[in-house]
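Trainee: I would like to go through the terms used for this model and see what each one rests on. Can we start with the helix packing?

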Amino acid sequence: MTPRIPKAELPAQLKEALAQQLGAVPEPVEVAFNQPAVATASLEFTAKAAAWDAVDEGLKTFAHMAVAAQVGCGWCLDVNYFAALNQDLDLDKASQITDWRASDVFTSLEREVMEYSEAMTNTPPTVSDELSASLLRQLGPAGLVELTVFVGIANLSTRVNTAHGITSQGYSEACRIPLAERPRTASAA
């Protein structure tokens, strides 16, 4: 699918850096550069968020994938499979994110993080006191704040990419697992 907004030309240095880092320039960045101030602010904020370290990177990757699966952002699933590979995460787990409830490969903490991610993604959000308290015990206050804001960022990126018509870009082809399909629900049928 072609993005709904045309790709803009990026500054040469940024284009080269992204291509070197990821193998290809991410389409969301190319589309966002139609408004350079927005694109630059977004890149700066996500770079700062990537440096947060109160929560395990793998948990955050699975959280983002759970949001992406729920929203239906193929680009986010694609790039997060790539992230899972580069973080040496269990790729069998990553391949089952879209149907994590039926899978028995996830730890109880991973399952709670994905449940929390989905509960935050629901409209209206459905985060329960019990789930929040459990994650607070396991992650601590700094960890729960970080996870919550990270899931909010995941919601922002998945919804923007979906609205812009940005789909899988092929990052997951570097992985040993295929890009999983979003499970069909009664409302998606």
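Trainee: What makes α7 oblique to α8?

Mentor: Helix α7 (residues 108–121) and helix α8 (residues 129–163) pack at an angle of about 50°, with their axes 9 Å apart. Axes are lines fitted to C-alpha atoms, for helices over the stretch in contact, and angles run from 0 to 180 degrees between N-to-C directions. Angles under 35 degrees count as roughly parallel, over 145 as roughly antiparallel, 65 to 115 as roughly perpendicular and the rest as oblique. That is why α7 is called oblique to α8.

Trainee: What are the source conventions here?

Mentor: This is a predicted model, where local features need pLDDT of at least 70, side-chain atom pairs count only at pLDDT 80 or more, and totals for chains, interfaces and linings use all residues. Residues are numbered from 1 along each chain as its sequence is written, and side-chain values use heavy atoms, with hydrogens and water left out.

Trainee: How is the contact of α7 with α8 divided by class?

Mentor: It has 10 nonpolar, seven polar and three charged residues. Ala, Val, Leu, Ile, Met, Phe, Trp, Tyr, Cys and Pro count as nonpolar, Asp, Glu, Lys and Arg as charged, and the others, Gly among them, as polar.

Trainee: Why are α4 and α7 called oblique to each other?

Mentor: Their axes come within 9 Å and cross at roughly 40°. By the angle classes already given, α4 and α7 are therefore oblique to each other. The residues of the contact of α4 with α7 divide into nine nonpolar, three polar and two charged.

Trainee: Which residues touch the most other members of the largest nonpolar core?

Mentor: Of its 23 residues, these are Phe62, Met65, Trp75, Ala94, Ile97, Phe106 and Met114. A nonpolar core is a set of buried Ala, Val, Leu, Ile, Met, Phe, Trp, Tyr and Cys residues joined through side-chain atoms within 4.5 Å. α5 gives the most to this core, with seven residues.

Trainee: Why does Asp88 count as exposed?

Mentor: Its relative accessibility is 71%. Buried means under 20% relative accessible area, exposed over 50%, partly exposed in between (1.4 Å probe, protein chains only). Asp88 therefore counts as exposed. Asp88 is found in the loop between α5 and α6, and its phi is near 55°, a positive value in a residue other than glycine.

Trainee: Which peptide bond is cis?

Mentor: The bond from Thr123 to Pro124, with omega near -5°. Pro124 lies in the loop between α7 and α8.

Note on methods:
Helix = DSSP H or I, 4+ residues; strand = E, 2+ residues; numbered from the N terminus.
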